Protein chains: 2
Amino acid sequence: MPELRKDPVVDRWVIISTERGRRPSDFIELVEERSDGFSPFAPGNEDMTPPEIYAIRPDGSPANTPGWTLRVVPNKYPALRVEGQLNRRGEGIYDKMNGIGAHEVIIETPNPEQNLAELELSEIENVFIAYKLRMEDLRRDIRLKYVMIFKNYGHAAGATIKHSHSQLIATPIIPKQVAEELHGAKAYHDLKERCIFCDIIRQEVKDNIRVIYEEEHFIAIEPFAARSPFETWILPKEHHSHYEQLDELTARHLAITFKAVMKKLNIALQNPPYNFVLHSAPVQEDQLSHYHWHIELIPKLTKFAGFEWGTGFFINPTSPEEAAQFLKEIEV
Amino acid sequence: MPELRKDPVVDRWVIISTERGRRPSDFIELVEERSDGFSPFAPGNEDMTPPEIYAIRPDGSPANTPGWTLRVVPNKYPALRVEGQLNRRGEGIYDKMNGIGAHEVIIETPNPEQNLAELELSEIENVFIAYKLRMEDLRRDIRLKYVMIFKNYGHAAGATIKHSHSQLIATPIIPKQVAEELHGAKAYHDLKERCIFCDIIRQEVKDNIRVIYEEEHFIAIEPFAARSPFETWILPKEHHSHYEQLDELTARHLAITFKAVMKKLNIALQNPPYNFVLHSAPVQEDQLSHYHWHIELIPKLTKFAGFEWGTGFFINPTSPEEAAQFLKEIEV
């Protein structure tokens, strides 16, 4: 059973997930990609993943057979498991609980060679709708406090399988960085009675030096305190705390915005590896007037992450204004 | 002038350091190491670095000439600069200040081929003493609140120059992760009137399942909530909040401990890339009964850092107990 452990000094929970029982030597070159083009996520290989939780099957084909255009399956090597009790307990000064949660894979396309940004708008829209449906389903398990959705694209960003996919991890705790965001946004709202993200959007539109793309429902900016070159945030212009509030219309606009942003980044940076993380309010919470869901997208360009990862201190050699000027000029 | 910018939502300062004015294409393969074996830090190349701030010259040779065994120089491409005023100011809802601080390089050996762990004990001791001397010197500048010392070893850990060196960044703010540690340790001390790190040491010695090395003055453990496989902490057994309290005797013992720990990690993991970060109390603070300096060492084995970096959420596939058992058995 995986364990969730809390650092005794800082408020950081870590998943210790050791079921595969590795020897130290197994870590060396652990994440090399297979180079033979084989994909365990391709149609025909449905038996290589656990049975599907959700799929889009325009041809009406039966579950776990080819014919799908999008497929959500449990991760074959889950970091957390749905079965069991949390069993919160201490071990001297330390705190831990069982690794209860969910770990799913959203296979975004049947085509092992296409990446998310290359898909048709309707396909990207389906991916964004799938995120929402999975969040709505998982929130019915009241043990699960947060649903984290993220995507690693490219080997340098941590992707071990090339076939385009995102991941979902549902946790019985609020991840530290989300808790800090909620806390900071709440403090601002207590002081000003306004959502800080709405204020950021207003200032960015007015200043117009860090906006790289804007359409009817979404805006994409290089954030003022960008941690790394070309860090990009996508925010809905209307205030919504929960990603689950996305409807078909806004999912379409999110797809348009995502495709435009990725096109700019891919032209500027030659198809960079990237991580994106969906930041949304905790699934068990009601609407929050102080929080505002958004996507944080970080191209993996520098290798400095090691130090920054260990300190929480970031050095960014490109100002967001420079990056924005460059990206803004790229026509999409 | 570099800028320090604060994220408006979370309490995170970022250095925006753009003096080299890069184009996006400059980021692709930015950090490839030179493979021709040339070292700008080697004896004879003293004019390739800014003039030295501190050096050990057993042969009495003049500054900035060969003959040294250890040399501290300003970083040629500093993230922060000593000259100027902080000039704290707002920009609408955003906060920033000038990038005042120091960025230095500790060249640990004249030999471009030897790494820190391979040096003689007396040489490693000199490195640890150099850290202390630089901290003592920099704390006289009262604008500087924190001195961060870290080492990236190996390309995957962010090292761009192979010649063995550490770095020092002195900042006018307390880095977020340090502030969180101080806050957590203070809260524990308020509750228990004991140092949490002293309590960790006591419990680890008693449990004896995560200790990998112990000698008279230092202990090395795999922390309970390790973020990644083989994360290792080295702590002084006696309570000291400030690294600057290190004396010649304890510097020697720290060298012994570091060399033993690195030998174990190098045998277990075949000379892994790693980052280490020295965690010490803010230099302007008096002795703190709630904080306890230590070194956090993280071998770079997995590529998952991208996601974890973006979320503050860690998945560790090796339990610290497994790692400790493996490392403990390696004789040094």
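Figure 1. B:Val283 is buried, because 20 other C-beta atoms lie within 10 Å. (A residue is buried if 20 or more other C-beta atoms lie within 10 Å of its own, exposed if 12 or fewer, and partly exposed in between; C-beta atoms are placed from the backbone.) The model is predicted: local features need pLDDT of at least 70, side-chain atom pairs count only at pLDDT 80 or more, and totals for chains, interfaces and linings use all residues. Residues are numbered from 1 along each chain as its sequence is written, while chains are lettered from A and ligands numbered from 1 in the order in which they are written. B:Val283 sits in the loop between strand S13 (274–279) and strand S14 (294–299) of chain B. (Helices, H or I of at least four residues, and strands, E of at least two, are DSSP runs numbered from the N terminus.) Leaving aside neighbours within four places in sequence, B:Val283 contacts B:Met135, B:Leu138, B:Arg139, B:Leu144, B:Tyr146 and B:Val147. (Two residues are in contact if their C-beta atoms, placed from the backbone, lie within 7 Å.) B:Pro317 is 34 residues from B:Val283 in sequence and 36 Å from it in space, C-alpha to C-alpha.

**Figure 2. Crossing of H1 and H4 in chain A.** The axes of helix H1 (residues 121–138) and helix H4 (residues 248–269) of chain A come within 8 Å and cross at roughly 115°. (Axes are lines fitted to C-alpha atoms, for helices over the stretch in contact; angles run from 0 to 180 degrees between N-to-C directions.) From H1(A), the contact uses A:Leu121, A:Ile124, A:Glu125, A:Phe128 and A:Ile129. H4(A) contributes residues including A:Ala251, A:Leu254 and A:Phe258. By class, the contact residues are nine nonpolar, no polar and three charged. (Ala, Val, Leu, Ile, Met, Phe, Trp, Tyr, Cys and Pro count as nonpolar; Asp, Glu, Lys and Arg as charged; the others, Gly among them, as polar.)

**Figure 3. The ten-stranded sheet of chain A.** Ten strands form an open antiparallel sheet in the order S3-S4-S7-S9-S8-S13-S14-S12-S11-S10. (Two strands pair if DSSP finds at least two bridges between them.) Strand S3 (54–56) and strand S10 (211–214) of chain A are the edges; each has a single partner strand, so one side of each lacks a neighbour in the sheet. The twist averages 20° from one strand to the next. Strand S11 (residues 218–221) and strand S12 (residues 232–236) of chain A run antiparallel, joined by four bridges. A:Ala220 has A:Ile234 as its bridge partner in S12(A). H1(A) packs on the sheet, and its direction makes about 35° with that of S4(A).

Figure 4. Five strands form an open sheet of mixed pairing, ordered S5(A)-S6(A)-S1(A)-S2(A)-S15(B). Strand S5 (89–91) of chain A and strand S15 (314–316) of chain B are the edge strands, each pairing on one side only. The twist averages 30° from one strand to the next. S5(A) pairs antiparallel with strand S6 (residues 94–98) of chain A over three bridges. A:Asp95 in S6(A) is the bridge partner of A:Gly90.

Figure 5. The domain assignment gives domain 1 (3–175) and domain 2 (177–328). (Domain bounds come from an automatic or database domain assignment.) Their centres, taken over C-alpha atoms, are 22 Å apart. The contact takes 28 residues from domain 1 and 26 residues from domain 2. H1(A) gives the most to the domain 1 side, with ten residues. That side has 19 nonpolar, three polar and six charged residues.
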